Amino acid sequence: MLIKKAEGIRSSEITPRSLYLNRRKFLAGAAIAGAAAASGFGLREIVSPSSIALAGNKIEGIQKSPFSTSETITPYKDVTTYNNYYEFSTDKDGPAKLAKDFRTRPWKVKIEGQVEKKQELDIDAILKMAPPEERIYRHRCVEGWSIVVPWIGFSLSELIKRVNPTSKAKFVEFTTILDPKQMPGQQRQVLEWPYVEGLRMDEAMHPLALLCFGMYGEELPNQDGAPIRIVVPWKYGFKSAKAIVKIRFTEKQPLNTWNISAPSEYGFYANVNPNVDHPRWSQAKERRLGEFFKRPTLMFNGYGDQVASLYSGIDLKKNF
């Protein structure tokens with residue numbers, strides 16, 4: 001048997017601690033997942049409610065969305081304790097601990113750039129722009145792990161239409177809060193802070209692009225991007241900016257943080273693509289949190305029927 005030294009193991013190869021501590025629990029979990037699929041219920045409905053500790057306030061009036069996948073939902077505990085959130089920590093279990101007291105009120109979002117209605121919106125005003133929808137989306141990380149989450153929010157286009165972008169607006173740029181006192185990860189130069197991401201205007205206006213403020217029927221936990229983030233399900237997770245404080249409409253393509261840090265590894269588009277490997281690992285397969293075996297990665301994360309037309313005529317190997 002080949003044994004790798006710790007420094008030679010990629011994070012994408014590491015099985016989450018919760019999966020290997022107890023093999024019997026894993027097998028029991030597999031049986032529960034099978035029962036969930038057979039009965040049509042998600043894991044949260046079958047697992048005892050007392051075993052799932054929800055942290056946020058309940059969101060009322062949630063509508064079900066036709067955009068949802070029917071796949072089994074990833075357990076809440078996994079989604080809230082295994083996070084990529086470098087503003088807090090580069091360790092997967094660090095953000096849940098370090099974001100515990102992160103303040104999400106008061107909170108305002110500035111709207112700037114090529115837009116007729118420049119303004120600063122209070123977070124609670126944004127949340128009332130449209131009825132909340134529950135959208136069960138696949139979410140794929142560039143490192144090779146994936147989740148299925150019942151996100152809550154509404155189409156990003158709802159906000160965009162209300163601020164009237166000008167004809168010069170070709171892209172939308174999102175900026176995360178800069179607060180090293182609350183976000184200890186920002187005290188280190190792991191990345192260039194604040195975190196910046198962006199989308200082409202047609203991507204941002206696509207109905208699948210979600211302005212998200214909750215999950216699992218509750219407000220977003222701090223470690224998952226509270227109080228407001230975007231979710232772009234056909235792209236790798238780093239495109240879905242968290243804790244947004246500024247939305248800017250631009251003529252030119254924004255310089256997104258990971259592209260600045262490692263341009264040969266992280267492109268602007270970041271569409272989930274099993275045919276374009278990361279320079280240091282394959283993207284052909286993924287491991288869903290809570291599962292032992294890997295599964296094939298789907299083109300556009302399985303949303304090709306809805307979004308492939310956005311990239312007609314574009315070389316997706318060159319424009320990765």
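Two rings of Phe, Tyr or Trp (its six-membered ring) count as a pair if their centres lie within 6.5 Å; planes under 30 degrees apart are stacked, over 60 edge-to-face, and the rest tilted. With that in hand, meet a cluster in which ring pairs link Phe171, Phe268, Tyr269, Phe300 and Tyr311. This is a predicted model, where local features need pLDDT of at least 70, side-chain atom pairs count only at pLDDT 80 or more, and totals for chains, interfaces and linings use all residues. Residues are numbered from 1 along each chain as its sequence is written, and side-chain values use heavy atoms, leaving out hydrogens and water.

**Ring pairs**
- The whole structure holds 15 aromatic pairs.
- One of them joins Phe171 and Phe268 edge-to-face, at 5.9 Å centre to centre with 80° between the planes.
- Phe171 belongs to strand β6 (residues 171-176) and Phe268 to the loop between α9 (257-261) and β12 (285-288), so this pair ties together parts 97 residues apart in sequence. Here, helices (H or I, at least four residues) and strands (E, at least two) are DSSP runs, numbered from the N terminus.
- Phe300 and Tyr311 are stacked, because their ring centres are 5.6 Å apart and their planes are at 15°.

**Burial**
- Buried means under 20% relative accessible area, exposed over 50%, and partly exposed in between (1.4 Å probe, protein chains only).
- Phe171 is buried at 12%, and Phe268 is buried at 5%.
- Phe300 is buried at 6%, and Tyr311 is buried at 3%.

**Charges over rings**
- A charge sits over a ring if NZ of Lys or CZ of Arg is within 6 Å of the ring centre and within 35 degrees of the ring normal.
- The charged end of Lys239 sits over the ring of Phe268, 4.1 Å from its centre.
- Lys242 lies over the face of Tyr85, 5.0 Å from the ring centre.
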